[in-house]
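Let's take a friendly walk through this model together. Have a look at the chain first, and then we will go through it step by step.

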Amino acid sequence: MLAASKNGGINVKIRPPLQLVSKQTQFRKLFLKKTLYSKFALKDLPNLSFLCLLSSSYIGEILQFPNRGFQNLKQILLESLLRLKSIVIEDGALPSLEKLQLVFIPRLKKVPSSLNKLPKLEVFHVIDMSY
């Protein structure tokens with residue numbers, strides 16, 4: 001079921017929502033909260049420019065952005081992902097990323113080593129982390 005939100009966007013109310021999302025390539029912004037996914041298959045979203053994973057939307061230990069994945073993604077917000085230990089950004093992934101925010105990810109002990117390979121990254125926020 002799709003429903004219009006108050007701000008004019010679309011709310012996905014299907015469980016699990018990623019089955020629908022993977023077929024809806026026109027999405028530009030995606031917010032997930034408490035979806036309890038341990039694997040993602042979002043690379044088929046060529047128009048996605050903003051990804052927000054909040055409060056147990058991802059419960060895996062490693063979040064991987066694949067080679068040539070997310071070509072148009074400009075902003076990522078990762079918040080309250082309590083099991084996440086590592087973020088892997090493969091060569092060629094996220095070439096358009098301008099802003100990366102990591103907020104309260106207590107098991108993440110270091111920032112992704114490949115940040116220097118993101119040519120457009122301008123803003124990197126680390127908030128409430130235990131480095």
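This is a predicted model: local features need pLDDT of at least 70, side-chain atom pairs count only at pLDDT 80 or more; totals for chains, interfaces and linings use all residues.

How confident is the predictor? The mean pLDDT of the chain is 79, and 74% of the residues reach 70 or more. Confidence is highest in S8, at 97, and lowest in strand S1 (residues 2–4), where the mean is 36. Over residues 1–15, pLDDT stays under 50, and for this stretch the model has 22 contacts beyond four places in sequence.

Now turn to the sheet. Five strands make up an open sheet with parallel pairing, and their order is S3-S4-S6-S8-S9. Which strands stand at the edges? They are strand S3 (29–33) and strand S9 (123–127); each has a single partner strand, so one side of each is left without a neighbour in the sheet. From one strand to the next, the twist averages 5°.

You can follow one pairing in detail. S3 and strand S4 (residues 50–54) run parallel and are joined by five bridges. Within this pairing, Leu-32 has Leu-53 as its bridge partner in S4.

Is Gln-101 buried or exposed? Its relative accessible area is 16%, and because buried means under 20%, Gln-101 counts as buried.

What surrounds Gln-101? Setting aside neighbours within four places in sequence, Gln-101 is in contact with Ile-76, Leu-77, Leu-78 and His-125. Take Ile-76: it sits 25 residues from Gln-101 in sequence, yet the C-alpha to C-alpha separation in space is 6.2 Å. With His-125 there is a further link, as the side chains of Gln-101 and His-125 are joined by a polar contact of 3.3 Å.

Note on methods
Residues are numbered from 1 along each chain as its sequence is written. Side-chain values use heavy atoms; hydrogens and water are left out. Buried means under 20% relative accessible area, exposed over 50%, partly exposed in between (1.4 Å probe, protein chains only). Contact means heavy atoms within 4.5 Å. A polar contact is a pair of N or O atoms within 3.5 Å; within protein, one must be able to donate a hydrogen and the other to accept it, and residues adjacent in sequence count only if both atoms are side-chain atoms. Two strands pair if DSSP finds at least two bridges between them. Helices (H or I, at least four residues) and strands (E, at least two) are DSSP runs, numbered from the N terminus. Axes are lines fitted to C-alpha atoms, for helices over the stretch in contact, and angles run from 0 to 180 degrees between N-to-C directions. pLDDT is the predictor's confidence in each residue, from 0 to 100.
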